[in-house]
Amino acid sequence: MTEITRRGFAALVGGAAALPLFGTSFASAARTPRVVVIGGGFAGATFAKYLRRAMPTARITLVEPKKSYVSCVYSNEVVVGLSTLKPLTVGYAALAEAYGIRHVRRSAVAIDPVARRVTLSSGDKLPYDKLVVAPGMAYRYDALPGWNEETAALLPAAWHAGPETTQLAARLKAMPNGGTAIITVPPAPYRCPPAPYERASLFAWYLKRTKPAAKVLILDANETFPKQALFEEGWAKLFPGMVTRIPGSKGGAVQSVDAVAMRVVAGAGSFSGAVINIIPPQRAGDLATAAGLTDQTGWCPVDPRTFASKLVPDVHVLGDAAASGLPKSATSANAGAKVAALAIAKLFAGRPVTDPLFINTCYSRLAPDYAIGIASVFGVDPVSGAIVVRNTGTGTSPLGASLGYRKEEAEDADKWFRALMSDTFA
Amino acid sequence: MRRVCLALALGAAVVGTAHADTDVRTLADSCAICHGTDGKPPRDGLDRLAGMRSSEFVEEMRELRDDPDEGRLMSVIARGYSDAEIRAMADYFAKLR
């Protein structure tokens, strides 16, 4: 397998490589930094765009087999019919056209950190000076007896947005009036910590209108969760008696599931579900594991100032796959990607890396006109090197706010989502 | 005080910003998740920051920081920046069109 030639490369990626604005002459190509980004989710896409802003002449290649990305953010709305997948779906044309990012529609199958080359599913090899790996999270099919590749079709997780979202929506719709919809929450860390509780809320909103005798049961491996008081206040106010949660200390951790009998066994007992939504235990995406970027936790240890892997040189890991100390959220992925882009530009220029700053913001919708939020501004502690809150820049929506306030937050959430999508992909 | 307690409850340590050496691009780019790239939000979005008068930006951020009822989540976020950082962002966005 040969390295991709410039001519062959242009044929492979189509028009993007022909952009004169970002093209490099053959003679100078050897000195042009080559950055390869694997994965086109919130982290990878933001990184590619913001690296272009910091390095106008770098050769930036995005390796992503899919033509478009489906956002997990707002996909709970799709499950209950408040939205569709269409506004959550975005292509990579803007990154290619406006930012000169070459989009290679292949999977990355291996990394050679010594020769600094990525092997693609086509067998072609892509050389790099810096590699950025953003494969997201993968489900652990081996962690919960009864939940595996086969039974996942019967018990859709819908923790990747797309077909699974539609499958879960169909199951909720087909649920009888009077059954229980069970959501199981894995041990932290997992993608989007408040999302299981947003999903439970929207299940309850949907069921109250269409199947009012139905209930929602959360079987939770964890003791507490983000925005807990705000969620519980909302459940009591909007759907009294419909949502029950069993925390880890009361036997909430799921031990096994039977997809045929539609039963879940937890420490607290055996529960029958008309709908069972297993949110599975998670780890860093397959490529990160295969490339030796993960430690015993299943996630990738990184330096939060640069997102450089602590295990493999010249490789940086972004987004959910990274164990940076940031929450596994879309906004953290976006924020971390910008910090990494500026840091890598400075490393190429031989300049010192400056102190990072990250905002994590997350809204959860409990009903169409009722949302709650959480936000934190993070920096890095100069002594420990760990992610820490800056000053007092962390908090949530207030408890006890009016319905008008929650409606304003629902409008804030819509504006936040549109800006996040455009800041990442356009 | 409530915010500090919350931060501790979340298990996160708290650091001051007085000696942070953060590039103004990092400060300004952090706003983009809600206010759009370069402070230019999509249609029907939150406030446009690009081209905002520097004094107005500083004033807004101080009000948000000091009055928790002022700007919903933005009041929380405003607390994460030092006065010097707010002034640096104000000058940065004022020059963008």
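1. The contact between chain A and chain B, taken as heavy atoms within 4.5 Å, draws 45 residues from chain A and 43 residues from chain B. The model is predicted: local features need pLDDT of at least 70 and side-chain atom pairs count only at pLDDT 80 or more, while totals for chains, interfaces and linings use all residues. Residues are numbered from 1 along each chain as its sequence is written, chains are lettered from A and ligands numbered from 1 in the order in which they are written, and side-chain values use heavy atoms, with hydrogens and water left out.

2. About 3800 Å² is buried between chain A and chain B, and 59% of this lies on carbon and sulfur atoms. Buried area is the accessible area (1.4 Å probe) that two parts lose on being put together, summed over both.

3. Six salt bridges are counted between chain A and chain B; the term stands for a side-chain nitrogen of Lys or Arg within 4 Å of a carboxyl oxygen of Asp or Glu. Arg390(A) and Glu85(B) form a salt bridge, with 2.8 Å between the closest N and O atoms.

4. There are also 14 residue pairs in polar contact across the interface of chain A and chain B (both at pLDDT 80 or more). A polar contact is a pair of N or O atoms within 3.5 Å; within protein, one must be able to donate a hydrogen and the other to accept it, and residues adjacent in sequence count only if both atoms are side-chain atoms.

5. On the side of chain A that touches chain B, the elements that each supply at least two residues include helix H2 (42-54), helix H9 (330-349) and strand S24 (387-396). H10(A) gives the largest share, 11 residues. Helices (H or I, at least four residues) and strands (E, at least two) are DSSP runs, numbered from the N terminus.

6. Within chain A, the division is into domain 1 (6-138 + 283-352) and domain 2 (142-280), with bounds from an automatic or database domain assignment. Their contact takes 16 residues from domain 1 of chain A and 21 residues from domain 2 of chain A. The C-alpha centres of the two domains are 32 Å apart.

7. Domain 1 and domain 2 of chain A bury about 1700 Å² between them, 67% of it from carbon and sulfur atoms. One salt bridge is found across this interface. Arg191(A) and Asp320(A) meet through their side chains in a salt bridge, at 2.5 Å from N to O.
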